[in-house]
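Here is a friendly walk through a two-chain model, meant to be read with the structure open beside it. Shall we take a look?

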Amino acid sequence: MPSDSCLRISLSGDATIRGIGDVHQKISSALHENEEVEVDIGELADFDLTFVQLVEAARRTATNTGKKLALASPASGPLLEMLQRGGFMRTPGGADFWLCGRGGA
Amino acid sequence: MNNTDPLAVFRVEAQELLEQIEQGLLDLERNPQDSELVAQVFRALHTLKGSGAMFGFEALSAFTHHCETAFDKVRKGEAVATPTLIGAVLSALDHMRTLAESPDAATDGGEALLADLHKAMEGEAEAEVAVVSPAQKTWRIRFSLPADCLVNGTRPLSLLDELRGLGEADVAAVVDNVPELGALTPAECHLAWDVKLTTTQPRSAIEDVFIFVIDDMRLEIAEEPAVLSDENDKQKTAKTPAEKTVADNVTALDSARKPAAEEHVPDSATTQHHTAGETVRVPAERLDELLDQVGELMIAQSRLKQVSATNADVNLRSVAEEIERLASELRDSMMFVRMVPISQLFGRFRRLIHDLARDLGKNIEFVTEGETTELDKTVIERLADPLIHLIRNAADHGLEMPAERKAAGKPETGRVLLSARQAGAEVVISVIDDGHGLNRDKIRAKAEENGLIQPGAVLSDNEINQLIFQPGFSTAANVTSLSGRGVGMDVVKRTIDGLRGAIDVSSKPGQGSQVDLRIPLTLAIIDGLLVRVGEGRYVIPLATVEECVELTTEQDQRSTGRNFLTLRDALVPFLRLRDMFATGTDPDRYQKIVVVSTGSERVGLVVDQILGHHQTVIKPLSRFHAGVETFSGATILGDGSVALILDVLHLVAVGQQQEERLRAAG
């Protein structure tokens, strides 16, 4: 659950290779300035592997700096399908992260 | 210089792939069981589909997909490459060519072709024999893609899907190499994958999945040790200890490799592919440009040589000599760069013969020889049309119908041989058929009828043969869609003349005919022999020069009227260039005869003086002088003056005509 120091950012628009630069900046600065970041991806119009990779980089950064990163809601629909296709639920802690600890969904 | 159009690049690639597919199919027709050929055709189709999609040629990609599916079945042993299937794919190839040229072209006929293909495959399914499915194996596949793969349009998820298509795949992403946010370039790919695949497919099928990216990626494929749960498997393993050892070795290698992979140190033992990078694709125009510059350099060099010759400075001379050597080496290398094997050209005709045999109802065996012979690229391009005409003629007019052949005691299958060989500074390309040969009486009658020759004119066999190259000449009673319209052979003649080549025709009644195209190796720079006739200077291509002899005043006076020279017991006709060029000067006291030859025919050229060797950069004559047959071009000498280059082929022909007339006259 998000605490008071948690920043909730909402991503929207294009998180594919074309627009990933903006998303990168947004997550980077959020994680730089806050101890806990919760990312809402419900409004994302489009995404591809670069987005998944970016989130994996953010997870690593959070772990290495002792910060917390979480999704606001479990991945579902096309994103979940992509994660499964790409084998991302099999990375260490991957399923827990993407499904917000509700594994098995 | 860097404005290479990606679409143009794709088109070139597509044409090469289509060619490869076509050759593969034609080979398969003869050898339907050859699994390597099947795999080759499949791979080419697969690549074409993939790069088509990448460059936005969706229609081509979608269409190719159907052919690929068909060949996938053949590859997996679920179908056989029957002539019907090969025929269907061959017809589909032409459609693909159109789609590769214009992606938005109307897809007319595409549906019908696909219907044929499906029919061929259905026929297959019915005739299908029980195929023993090969044993299942488990493979461990680890791969990472180059960082720029996403930017370049590679879709890793599609690769994974393709792996899943091969069998049961357990896919796990590896994110160990994904850097932290600060160090991440988000458009680069740092992901890797670890896939456990259980399949009956061979290793090559797995490698084929990565066919587009295999050159730059890191890929490890290792066989997992078999799980011996099944008694049959046990027996199989026991029966093939060699196989087991190989599997063990691979696994051992694999585990030995792990630490290296983790440290991300390139490991020489891993399956890294570096097949690309050995060749560079360069647009032909750039080579032409370079050749032009080399030509200019040669001219400048010959000026330098001339200046140094009249200068006492030893250093200047030594530099001039050094530059001469380097320039001539540069020229040779340049020529070599432009050479391509003639197999490129020969390959195209197999399809032609295939279609001709079908349309004409003849059995034709097509044999090629000397495909490794090399020729200048421009020359090869320009030879395509003449050869098409010659091969069509051989198949259509030369070869008889099977029944006719049988009656004549010949094998029912006619033979067309296309061969290439190098002879001195020429390449000789021959089209030989074993048909009924040229009917010289018919040719003669036709030529008289058309007014090409005077009735009753005395002509040698060779001259009669050459008549077929006259514009509008055709003896075929039936004009077919293929040949017999009287166009074609004169085109052959014109093209070969344009290449400064020659055509020899020989024919034996009932046994067939042979057309030899003699093409000079290069078009742009030659070694020449500089001679003086009167006050003018001329260049004779050195490669055609056999020897130089002196024409003494006595010989000169004795031979007047009968221009023959006895050279080691052989009579060689000679031409007095001074007379031909009407120099109006007195002959030099010691005239020389330069004996030149083209193949078996020789002729002597009487000149006033031999000046020496000259590196000749050939400049074409202007349009106004195109009709001047005696000269094939011009060159610029060191002092800036112009020397004309003698057309040896023409001069030899003139000399030989002179000889034949004298002989015919008795």
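## A pair of helices to start with

Helices α1(B) and α4(B) are roughly antiparallel to each other, because angles over 145 degrees count as such and their axes cross at roughly 170 degrees. Those axes come within 10 Å, with α1 covering residues 6-30 of chain B and α4 covering residues 83-101. Please keep in mind that this is a predicted model.

Which residues of α1(B) and α4(B) make the contact? On the α1(B) side they are B:Arg11, B:Ala14, B:Leu18, B:Ile21, B:Glu22, B:Leu25, B:Leu28 and B:Glu29. From α4(B) come B:Pro83, B:Ile86, B:Val89, B:Leu90, B:Leu93, B:Met96, B:Arg97, B:Ala100 and B:Glu101. By class, the contact of α1(B) with α4(B) holds 12 nonpolar and 5 charged residues, with no polar ones.

## The two chains in outline

Chain B has 666 residues, of which 33% are buried. Its secondary structure comprises 20 helices and 22 strands. Taking contacts in chain B between residues at least 6 apart in sequence, 69% join residues at least 24 apart.

Chain A has 105 residues, and buried residues make up 33% of them. There are 4 helices and 3 strands in this chain, and along the sequence they follow the pattern β-α-β-α-β-α-α. For contacts in chain A between residues at least 6 apart in sequence, the share joining residues at least 24 apart is 76%.

In chain A, helix α1 (residues 20-33) and helix α2 (residues 49-65) have axes that come within 11 Å and cross at roughly 15 degrees. Angles under 35 degrees count as roughly parallel, so α1(A) and α2(A) are roughly parallel to each other. The crossing of α1(A) past α2(A) is right-handed. Here A:Ile20, A:Val23, A:His24, A:Ile27 and A:Leu31 of α1(A) make the contact with A:Thr50, A:Phe51, A:Leu54, A:Ala58, A:Thr61 and A:Ala62 of α2(A). The residues of this contact divide into 8 nonpolar and 3 polar, with no charged ones.

Back in chain B, the axes of α13 (residues 377-398) and α17 (residues 489-498) come within 9 Å and cross at roughly 150 degrees. These two helices, α13(B) and α17(B), are therefore roughly antiparallel to each other. Is their crossing left-handed or right-handed? The crossing of α13(B) and α17(B) is left-handed. In α13(B), the residues B:Arg382, B:Asp385, B:Pro386, B:His389 and B:Leu390 meet B:Met489, B:Val491, B:Val492, B:Thr495 and B:Ile496 in α17(B). This contact is made up of 6 nonpolar, 2 polar and 2 charged residues.

## Strands and a sheet of chain B

One open sheet in chain B has 5 strands with mixed pairing, in the order β15-β18-β19-β17-β16. Its edge strands are β15 (545-551) and β16 (564-567), each pairing on one side only. On average, neighbouring strands of this sheet are turned by 35 degrees against each other, direction ignored. β15(B) and β18 of chain B (residues 591-598) run antiparallel and are joined by 6 bridges; across this pair, B:Val549 stands opposite B:Ile593 in β18(B).

Another set of strands in chain B involves β3 (residues 192-199). Strand β1 (residues 137-144) runs antiparallel to β3 (residues 192-199) in chain B, and 8 bridges join them. One of the residues to look for is B:Ile141, whose bridge partner in β3(B) is B:Val195. Strand β2 of chain B (residues 167-174) also pairs with β3(B) in the antiparallel sense, over 8 bridges. In β3(B), B:Thr199 has B:Gly167 opposite.

## Where the chains meet

How many residues does the contact take from each of chain B and chain A? There are 20 from chain B and 24 from chain A. On the side of chain B that touches chain A, the elements giving two or more residues are α6 (156-166) and β2. The largest share of that side, 4 residues, comes from α6(B).

Sorted by class, the side of chain B that touches chain A has 17 nonpolar residues, 1 polar and 2 charged.

Note on methods. Residues are numbered from 1 along each chain as its sequence is written. Chains are lettered from A and ligands numbered from 1 in the order in which they are written. This is a predicted model: local features need pLDDT of at least 70, side-chain atom pairs count only at pLDDT 80 or more; totals for chains, interfaces and linings use all residues. Two strands pair if DSSP finds at least two bridges between them. Axes are lines fitted to C-alpha atoms, for helices over the stretch in contact, and angles run from 0 to 180 degrees between N-to-C directions. Two residues are in contact if their C-beta atoms, placed from the backbone, lie within 7 Å. Ala, Val, Leu, Ile, Met, Phe, Trp, Tyr, Cys and Pro count as nonpolar, Asp, Glu, Lys and Arg as charged, and the others, Gly among them, as polar. Angles under 35 degrees count as roughly parallel, over 145 as roughly antiparallel, 65 to 115 as roughly perpendicular and the rest as oblique. A crossing is left-handed if the near helix is turned anticlockwise from the far one by less than a right angle, and right-handed if clockwise. A residue is buried if 20 or more other C-beta atoms lie within 10 Å of its own, exposed if 12 or fewer, and partly exposed in between; C-beta atoms are placed from the backbone.
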